[in-house]
Amino acid sequence: MIERGLASLGRVVLDGLAGAGRVALYALTVVSHLLRPPFYGREFLHALMQIGWLSLPVVGMTALFTGAALALQIYAGGARFSAESVVPSITAIGMVRELGPVLGGLMVAARVASSIAAEIGTMKVTEQIDALVTLSTDPLKYLAAPRVLAATLSVPLLVGIGDVIGIMGGWLVGTGRLGFNSATYIKNTWEYLEFWDVGSGLVKGAAFGFIVALMGCFYGMNSGRGAQGVGAATKSAVVAASILILAANYTLTEVFFSA
Amino acid sequence: MIEIEGLRKSFGSKQVLRDVNLTVKRGESLVVIGGSGTGKSVLLKCILGLVTPDAGEIRLEGQPVTEATREDFLARFGMLFQGAALFDSLSVWQNVAFRLLRGPAKRPKAEARAIAIDKLKRVGLGPEVADLFPAELSGGMQKRVGLARAIAADPQVIFFDEPTTGLDPIMAGVINDLIRSIVSEMGATAITITHDMSSVRAIADSVAMLHEGVLRWQGNVAEMDTTSDPYVQQFIHGRAEGPITALR
């Protein structure tokens, strides 16, 4: 009984390691394609539009409501020890260091990893990937590399814009609901915000963008047959991207801010 | 000429191709027949390099395909997929000219478009469809566009994977006629896999039958009707009784 349990556990661990190895090799191959011609500029621009521009509304709305809620929470918490004045600075630091990149990354994961996995998975089951190969085109170079590059470059921009919108959300609640003076709120926001607070969030955004597109492409290309296979690939892409974003966030926070 | 020698392929414990030996002469139209799951598509994918064989050798004009660079090798092939496999995000002419818009065969956009429209005309489609998207076309039109894409770069060898599946008999006849005329006009070698016996009779010079991964029989299309091979006779007459069991 114990032996069987250990064997099952061992199989799970080995499968997990093999999966991690496959993803790592896939990531390296995609990166190597980014460095070698031919480059597909049209596909890159299309991906930039799909991933970056069209994600702006969802990331913006997420940031706006998160910044507003954060300001309320910090005010309520701060009031317990008469520290209501920290609302602008803590809202700003919380948004740019953590909530902006993480929630932005998760929203992009939900929107983009799923659509990439579904699109590429459908291409696979309808033999469009095989067609690309017969037309002397490497699917990794044509489909994965432009998407990964576009996500890696556009998610930091989304995070930056989300940071601004999130801080605005805090300002709206701070001045409209909590009685802060507008000029003081803005002054306190800027005064305690350091360059690396913003910079670290943007670096996180780039890492999360890379993860989102990579997972979408990986699961799409390894999709099973039929509608069920594409559905499973889509689900796996979103779950894997979300978990990897949270894990990467912790790792990067340790690297950037541990004393 | 395409020569296949001792080709073997397994997926897990399932042997899909078992020592397949096959020769297709230059300019010949070979049709591979056989039931579902007998290894026809895998054979095609092995020749194209979409699936790596476990053993065996494939030679094109005497040269092992493993010695050619992948791009040079694939540049000599065209393929019509079962479901046409057109790229949804590209217009019809961009699908047809796909190879001409990128890679070593790249041409200026206007020239690539002109070639695409010419190839569309060759398969009976007017320039008005050039800017449509695949989702706006009927199944028969998609097959024609797929055929135009397969011949766009004037390949030496063209593969047809179930070219008439899903088409009504009239459209199937049109596609068969197009395949026959285009292949002979281009002097290309053609390999087709199909279950459709009317397709076989319309486009084949020679026929090979695969059953359970083994090449059971190969001969010219006239011999197919007179052979005493029970597998071929059962298959071409669509009989339920015989050595091929319906439940696989």
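## Contact between the chains

In this predicted model, 11 residues of chain A are in contact with 15 residues of chain B, two residues being in contact if their C-beta atoms, placed from the backbone, lie within 7 Å. The side of chain A that touches chain B consists of 4 nonpolar, 5 polar and 2 charged residues. Here Ala, Val, Leu, Ile, Met, Phe, Trp, Tyr, Cys and Pro count as nonpolar, Asp, Glu, Lys and Arg as charged, and the others, Gly among them, as polar.

## Domains of chain B

Chain B is assigned domain 1 (1-76 + 156-248) and domain 2 (87-154); such bounds come from an automatic or database domain assignment. The centres of the two domains, taken over C-alpha atoms, are separated by 26 Å. Their contact takes 11 residues from domain 1 of chain B and 12 residues from domain 2 of chain B.

On the domain 1 side, α2 (70-75) and α7 (169-186) of chain B each give two or more residues. The largest share, 5 residues, comes from α7(B). By class, this side has 9 nonpolar, 1 polar and 1 charged residues. Helices (H or I, at least four residues) and strands (E, at least two) are DSSP runs, numbered from the N terminus.

## Transmembrane regions of chain A

An unreviewed UniProt entry lists residues 12-31, 51-72, 148-173, 202-221 and 233-252 of chain A as "transmembrane region"; such annotations may be inferred rather than shown by experiment, and feature names are shortened. Residues 148-173 of chain A are 100% helix and 0% strand, with end C-alpha atoms 37 Å apart. Residues 233-252 of chain A are also 100% helix and 0% strand, and their end C-alpha atoms are 27 Å apart.

## Basis of the model

Residues are numbered from 1 along each chain as its sequence is written, and chains are lettered from A in the order in which they are written. Local features need pLDDT of at least 70, side-chain atom pairs count only at pLDDT 80 or more, and totals for chains, interfaces and linings use all residues.
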